2 protein chains.
Amino acid sequence: MTSPAMHTSPKAKVTTPGDRDIHIERVFAAPRDRVWKAMTDPALVAQWWGRGNKLVIERMEMERGGHWRFVEHTDEGVHGFEGRYREVTPKDRIVSTFEWDGMPGHVIVNDVTLHDLGDGRTKVVTHSLFHTTEERDGMLHSGMEGGLNQSYEALDALLTRM
Amino acid sequence: MTSPAMHTSPKAKVTTPGDRDIHIERVFAAPRDRVWKAMTDPALVAQWWGRGNKLVIERMEMERGGHWRFVEHTDEGVHGFEGRYREVTPKDRIVSTFEWDGMPGHVIVNDVTLHDLGDGRTKVVTHSLFHTTEERDGMLHSGMEGGLNQSYEALDALLTRM
């Protein structure tokens, strides 16, 4: 079964304004409250973050200083991701760290803000900061953009269902 | 009781070669094997890392991908520190991340190498990389250097006892 949204999803706009960052913008056809809920309720996050793969949310302590850890089960293997929340401002902003078990100790800071476009749509802006240009480029060349668009398409479908 | 070493301890040499890093060098009057043991055996780390304060080592999984978490109990309060090991090469090098609970999600990469000086002494070189200059400067102005020298003096005393 494929949601109609899967066929009309816009691609995320990915840019590199500096030498250690990635800037991502994506508009969702849903109000900010609904997008916030889909991004912060573990039962909902499990439905889109893993791009259709099984996602086990081991920790998701959404407050300053809290930790998160997600484990994605793919056909190729199991991948753990984790980090810690730096700031959580309801409906507005989440700043958190991110690392993949495959490169432990290589930490990205993700600053995610939700913008109400006033027409029932929401723009999600993600600014990611890496420690080095090499780590940033490694992420860009990892197939990140394809995976990101798959996750966002799954989020489109979830937002339609909600 | 004060160890004689407390009176002759050299200060750590702290420099800032770039705008997001801190470079620290310190010579210890002990062979590399002994310094490595003092830095990697939890029962020994608890005797110097906390500068004389009680230190509870909650986790210290010294291998690539392992986590560490230390809790220091001072007269002013309890401070948690944690991170993850990126690389552990016996007797030679430890690369790990570091964050303080008071600034969650602000992550430093510490690259520590042990150099055998060939005369029974060991030089410990620590290179710390921050995400931003502001975070680096915040650390420099936090009293880090004084705390570091206290820890290293406690390590001098431990190395003498070992």
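With a relative accessibility of 4%, A:Phe70 counts as buried (buried means under 20% relative accessible area, exposed over 50%, and partly exposed in between, using a 1.4 Å probe and protein chains only). The model is predicted, so local features need pLDDT of at least 70 and side-chain atom pairs count only at pLDDT 80 or more, while totals for chains, interfaces and linings use all residues. Residues are numbered from 1 along each chain as its sequence is written, chains are lettered from A and ligands numbered from 1 in the order in which they are written, and side-chain values use heavy atoms, with hydrogens and water left out.

Across all chains, a search of the whole structure finds 14 aromatic pairs. Rings of Phe, Tyr and Trp (its six-membered ring) pair if their centres lie within 6.5 Å; planes under 30 degrees apart count as stacked, over 60 as edge-to-face and the rest as tilted. A:Phe70 pairs edge-to-face with A:Trp49, at 4.9 Å centre to centre and 90° between the planes. Because A:Trp49 lies in the loop between α3 (42–45) and β3 (54–60) of chain A, and A:Phe70 in strand β4 (residues 67–74) of chain A, the pair ties together parts that are 21 residues apart in sequence. Helices (H or I, at least four residues) and strands (E, at least two) are DSSP runs, numbered from the N terminus. Ring pairs also join A:Trp49 and A:Phe70 with A:Trp68, A:Phe81 and A:Phe98 in a cluster.

In chain B, the ring centres of B:Phe81 and B:Phe98 are 5.7 Å apart and their planes stand at 40°, so this pair is tilted. The pair links distant parts of the chain, with B:Phe81 in strand β5 (residues 77–89) and B:Phe98 in strand β6 (residues 93–100), 17 residues apart. B:Phe81 is buried at a relative accessible area of 12%, and B:Phe98 is buried at 16%.

Charges meet rings as well. A:Arg26 lies over the face of A:Phe28, 4.5 Å from the ring centre (a charge sits over a ring if NZ of Lys or CZ of Arg is within 6 Å of the ring centre and within 35 degrees of the ring normal). In chain B, the charged end of B:Arg26 sits over the ring of B:Phe28, 4.5 Å from its centre.

Finally, the two chains can be compared.
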